[in-house]
Amino acid sequence: MMKLLCACVATVFSTLALAGHEIGDGGDPVIVMFSSAHKNASAIMTEVDLEKAFAEGNLSKDVYDWLAPKRHKMIQDIESQTLVWNGDAAEQSTCARTNIPNLSETTVRLSLKHCRILLQSPFGSESLAIITMIHEATHKNGLTNGQQGPDGQSPDEIFADKIANETYKSWIFQKERMKPFFGNLNERSFDFGERIHFGMAKVSDDEPLSQSEELVIWGGCNLQILPNRAECSQSLNDGAIYRYDRMDPRKGTWTSVNPDQSPSGRHQHSIVTTVIQDSSSSQKVKGFIVYGGCSIENGICKNSAKSGGFYNMTSQTWQSLPESNQRRHSHSASMGEQSMYIFGGIDSETGKILAHGEVLTMTSHKPNINSDAAPDIDFKWEAFNPPFSFKPRYNHFSTWTGSGLIVFGGCGSKVLGRCSEPLMDGFIWKPKSKDNEESWHYISADTNLTPRDSMAVTWTGKDLIAWGGIAGSTVFYDGSRLSISGKSHEDQWSSLPRLLPPDEKGRFEHLASWDGSRQRVLYWGGRTKRDHENKSFASTLLALDLTNTLDLKWKTIQLDAVPQPSIYGQLLPTFDKLIVFGGFNSNQTFTNRGYVFFP
C-alpha cells in the first residue's frame, strides 16, 4: 500500500495500454501517467546500476543489501502487475493497494480519487507514479508486515518507500550523470531590477508529462541602503517568467510579463499559479494570480489591497479580479483545486491583524463552444472563519495538502516593525466536497518549544516540521515534528535532534523545502545572529534526514560552489532541486539572479 508524498525529478514517458484499453492523450491524465509509469518502472529497475549507486552513496546499505538479490524478481513482479482502477471504493483510503496476503495475486488496485489527490499535492509529479509501482512490487518480495509502528506507519511500509525512492533517484543520477551541484539560471536579455518582498511560484503545467516547467516572479519593491538598515523605496508592478528544462533548470529562457492592464505596484502580496479547466470544453487556461499586498509611502507599507489580477500565460493578458471582502498584506495564499485560499495578514489602513480567510473560486466557460476564443473566467469570493478561538496572525505558513488547508505559526502583534508575539499553533481545514463533509482540526502548540519568530516551517505530506527562528537575541537550533492524527487531542509533537554538524548554528529568516526523493528537509541561507552590520549569514546547505523517523540526523551537503549567503530571497522547490532567486547578501548588496541547487 502506497502512502508516500514526495518530490522527485520528472521524466517524460510514452503512453501504453491499460487493462486491455488503449489510453491516449485524450484519456484522464492520472491514468495516462500511471500507465506509462507501469512500463517504465520495469525499465528503471533493469537499467539502474546498484553497485555504482551504492558506491556513490545514492543507495544506502540496507536498501542495497535487500535489493541486490531480489532485483530480477522485482522486475518480473512489476512486469506482471495488472493495474485496475477500482473507482473510489470506501475501503481503499490510499492511491495504490496490493493484496498482500495473497502473494500470487498480481493486481494493483488504484483509486482515481486518491491518486489524483496524490499527484495534485504540492509535491506531486509523474515520478510519484513510478515510485508507487516499485513500492507495490516490494510487497511481493517479503515486505508484508502491515502492523503500525510508533509513528503510525508500519516499518515495512517505511522501508518500501525508502527502496522505491532511492532506486528511482539512483537511476536519475546515472541517466543524467549528475552529482550535487550549484549553478546559475540563464541570464535575461531584458532589464529586471533588483527587488525584495516579490512573489515567486512554479507555474502549474496543463501537460502532466511535459519536460519543461516555468517559474514566475512578479512585483516586490526596490530598496535603498541607509545607515544600519535598508528600506523599500518603490513598489513594482513588473514581472518575468523563466521556462526551464525539468532535468536541468540551468537551461532555460526568460520572457517579460506583459505590463498592459497589470495590477498596481505592490509588495508583501501573494502569487499562486493555476490551470483552470473549462467546464464546457477540453480547453484549459494556464496562468497566475496576484492578490493583495501594499504600496510604499515614505518607506512604510500603506494602502493594503483588496484587488488583484489573473495573468493568462497563453494570451499574455491580464484580467482584473473582483475585490475581496477585506484588504490585506503579509497574508498567506495556497492554491487548491481551482480555488485560492487566503488567510490572515494585516490591514494597513486600520493596523488590524486578521484572523479570518477568504476563498476565491474560479470557473471557466465558453459562450460559444465552437469558437477558437479563450474561455471566459469567472471569479467569486467567499469568506471563512475558524469555528474556534484563533489568534489573528501574519507572516504565517500555509499549504494545500491535496484535500485541505494547513495554517501554522506566524506573528500575532508587532512593536517597532518587529514581531512581539510569535505564534506556535495552527489549524487544518477541509472544506466540504462531494466526497467529504467540512471538518476543522486545531493544531496545538508544542509546549516544549520556545515561541519564536522567523522559523522555517515545512510540510512533508504527513508531518509538519518547524525549525530555527529567533526570540529577542536568541537564535534557536532546535525544532519539532508534528505527526498529525486528525484529532487535536492526539497530535504528537516530537523534538528534532539538537546535535548539528560541526560549524553549523541555529538560523532565522532562512529558506526551507521538503525533498521527498531523499526524505529530508533542506535549509538554505538565513542569519545566525542579529547584528546591525548584517554579516552573520549562514552559507551552507543544511539537511535534516527523515529516512529513519526514529533516528533523525543532520548533515551539511557539500557542493562545489555556492552563491553568496543571503536573506529576503525566494525558494522554489521543484522535484529534488531547489531554485533560489534574489536576496540581500552579506556584502550588503542585492541580486536579481537565480540559482539552482541539485543536492
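**Close-up views of a predicted model**

**View 1. Asn 395 sits in the loop between β24 (376–384) and β25 (397–400).** The model shown here is predicted. Phi of Asn 395 is near 55°, a positive value in a residue that is not glycine. Asn 395 is exposed, because its relative accessible area of 54% passes the cut-off of over 50%.

**View 2. Glu 509 also has a positive phi, about 60°, without being a glycine.** This residue belongs to the loop between β36 (492–495) and β37 (511–515). Glu 509 is partly exposed, at a relative accessible area of 23%.

**View 3. Cys 95 and Cys 115 are joined by a disulfide.** Their sulfur atoms lie 2.0 Å apart. The link is right-handed, with 90° about the S-S bond. It connects distant parts of the chain, 20 residues apart: Cys 95 in the loop between β3 (82–85) and β4 (96–98), and Cys 115 in helix α5 (residues 112–120). Cys 95 counts as buried at 4% relative accessibility. Cys 115 is buried too, at 0%.

**View 4. Cys 294 and Cys 301 form a disulfide.** Here the sulfur atoms are 1.6 Å apart. The torsion about the S-S bond is about -120°, so this disulfide is left-handed. Both Cys 294 and Cys 301 are buried.

**View 5. A disulfide pairs Cys 411 with Cys 419.** The two sulfur atoms are 2.2 Å apart. This link is right-handed, with 110° about the S-S bond. Cys 411 is buried, at 1% relative accessibility. The whole structure holds 4 disulfides. Counting bonded cysteines along the chain, their pattern is 1-2, 3-4, 5-6, 7-8.

Key
Residues numbered from 1 in each chain as written. Predicted model: local features only at pLDDT ≥ 70, side-chain atom pairs only at ≥ 80, totals over all residues. Heavy atoms only, no water. Helix = DSSP H or I, 4+ residues; strand = E, 2+ residues; numbered from the N terminus. Buried < 20%, exposed > 50% of the residue type's maximum accessible area, 1.4 Å probe, protein only. Disulfide = S-S within 2.5 Å.
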